Amino acid sequence: MNVFIKKHISKTFFFYLVVLFLLSILPINGKESALNNNYILTIRLDYLGHFGIMCILSFLGIILAKIKQQNIWLISLFIFFFAASSEFLQMIIPWRAYNINDLVANFVGVILGILGVFILLLVNKKYKLACCSNFQSSKPELQQRRNGRS
C-alpha cells in the first residue's frame, strides 16, 4: 500500500488540483442554484463541500511534501493561495458567485487538513502505524533516486 501511495501521490495531488480549478470556473453553481438551498443543521451543504474539498487537498499536499521531502510550509502556502484564488476568481466570472463564507470554509478545511496530517504523524511516531510507516523517505533512498539508481 505504501509503495502505491508513494508512487501515485504526485499524480493524485495535481489531478485533484486541476479538477478543483475546473469546478471553480465552470457554470455549475450560480447565485440561484439548488446547491445553495440545501442545509444540514442550518449549515449550507455548499460550505461543507468547500470544507471537505480543501481538507482533502491540504491532506494530499502535506503527505506529498513529506514523501518527497519538500518544504511543508511552502506547500501549505500554495494551498492557501489556491483556496483564496479559486474564490476570488469567482468575482470576475459572470456565471459564478463569490461568497465570503465559501472562502472561510476553504480556509477552515485547509487548516484542519494540515492539522490532520500533523496529528497522524504524531500518532504514527508514538504508535508506529502500519499505514504511515513510509511517509518520509530515507536519505539514502532519496539520493539513489536522484542519481538514477533504483
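Q: Let's start with His8. Is His8 buried, partly exposed or exposed?
A: His8 counts as partly exposed, because its relative accessibility is 24% and buried means under 20%. Keep in mind that this is a predicted model.

Q: Which helix is His8 in?
A: His8 lies in helix H1, which covers residues 2-25.

Q: And how far is His8 from Leu64 in space?
A: They are 9.5 Å apart, C-alpha to C-alpha. In sequence, 56 residues separate His8 and Leu64.

Q: New topic. How many aromatic pairs are there?
A: The structure holds four aromatic pairs. One of them is formed by Phe13 and Phe14.

Q: How are the rings of Phe13 and Phe14 arranged?
A: They are edge-to-face. The centres are 5.3 Å apart, with 75° between the planes.

Q: What about cover? Is Phe13 buried or exposed?
A: Phe13 is buried, with a relative accessible area of 2%.

Q: On to H3. How many residues does H3 have, and what is its reach?
A: H3 has 21 residues, 72-92. From first C-alpha to last, H3 reaches 31 Å, close to the 30 Å expected.

Q: What happens at the start of H3?
A: A side-chain oxygen of Asn71 comes within 2.9 Å of the backbone nitrogen of Trp73.

Q: Which residues of H3 are buried?
A: Among them are Ile72, Ile75, Ser76, Ile79, Phe82 and Ala83. Glu87 and Gln90 are also on that list.

Q: Why would buried positions be spaced like that?
A: An α-helix has 3.6 residues a turn, so residues three or four places apart point the same way.

Q: Now H4. What is its reach?
A: H4 has 28 residues and reaches 40 Å from first C-alpha to last, close to the 40 Å expected.

Q: Which residue caps the N-terminal end of H4?
A: Asn99 does. A side-chain oxygen of Asn99 lies 2.9 Å from the backbone nitrogen of Asn101.

Q: And what follows H4?
A: Lys128, whose phi is positive, near 55°.

Q: Which residues make the nonpolar surface patch?
A: Ile100, Val104, Val108, Ile111, Leu112, Leu115, Ile119, Val123 and Tyr127 make it, over about 780 Å².

Q: Where is Tyr127, and is Tyr127 buried or exposed?
A: Tyr127 is in helix H4, residues 100-127. Tyr127 counts as exposed, at 54% relative accessibility.

Q: Which H4 residues are buried, then?
A: Asp102, Leu103, Ala105 and Asn106 are among them.

Technical notes: Residues are numbered from 1 along each chain as its sequence is written. This is a predicted model: local features need pLDDT of at least 70, side-chain atom pairs count only at pLDDT 80 or more; totals for chains, interfaces and linings use all residues. Side-chain values use heavy atoms; hydrogens and water are left out. Patches are made of residues with over 30% relative accessible area and no salt bridge: like charges are joined within 9 Å, nonpolar side chains (Val, Leu, Ile, Met, Phe, Trp, Tyr) within 5 Å. Accessible areas come from the Shrake-Rupley method with a 1.4 Å probe; for residues, only the protein chains shown count as cover. A salt bridge is a side-chain nitrogen of Lys or Arg within 4 Å of a carboxyl oxygen of Asp or Glu. Helices (H or I, at least four residues) and strands (E, at least two) are DSSP runs, numbered from the N terminus. Buried means under 20% relative accessible area, exposed over 50%, partly exposed in between (1.4 Å probe, protein chains only). Rings of Phe, Tyr and Trp (its six-membered ring) pair if their centres lie within 6.5 Å; planes under 30 degrees apart count as stacked, over 60 as edge-to-face and the rest as tilted. The expected span of a helix is 1.5 Å times one less than its number of residues. A polar contact is a pair of N or O atoms within 3.5 Å; within protein, one must be able to donate a hydrogen and the other to accept it, and residues adjacent in sequence count only if both atoms are side-chain atoms.
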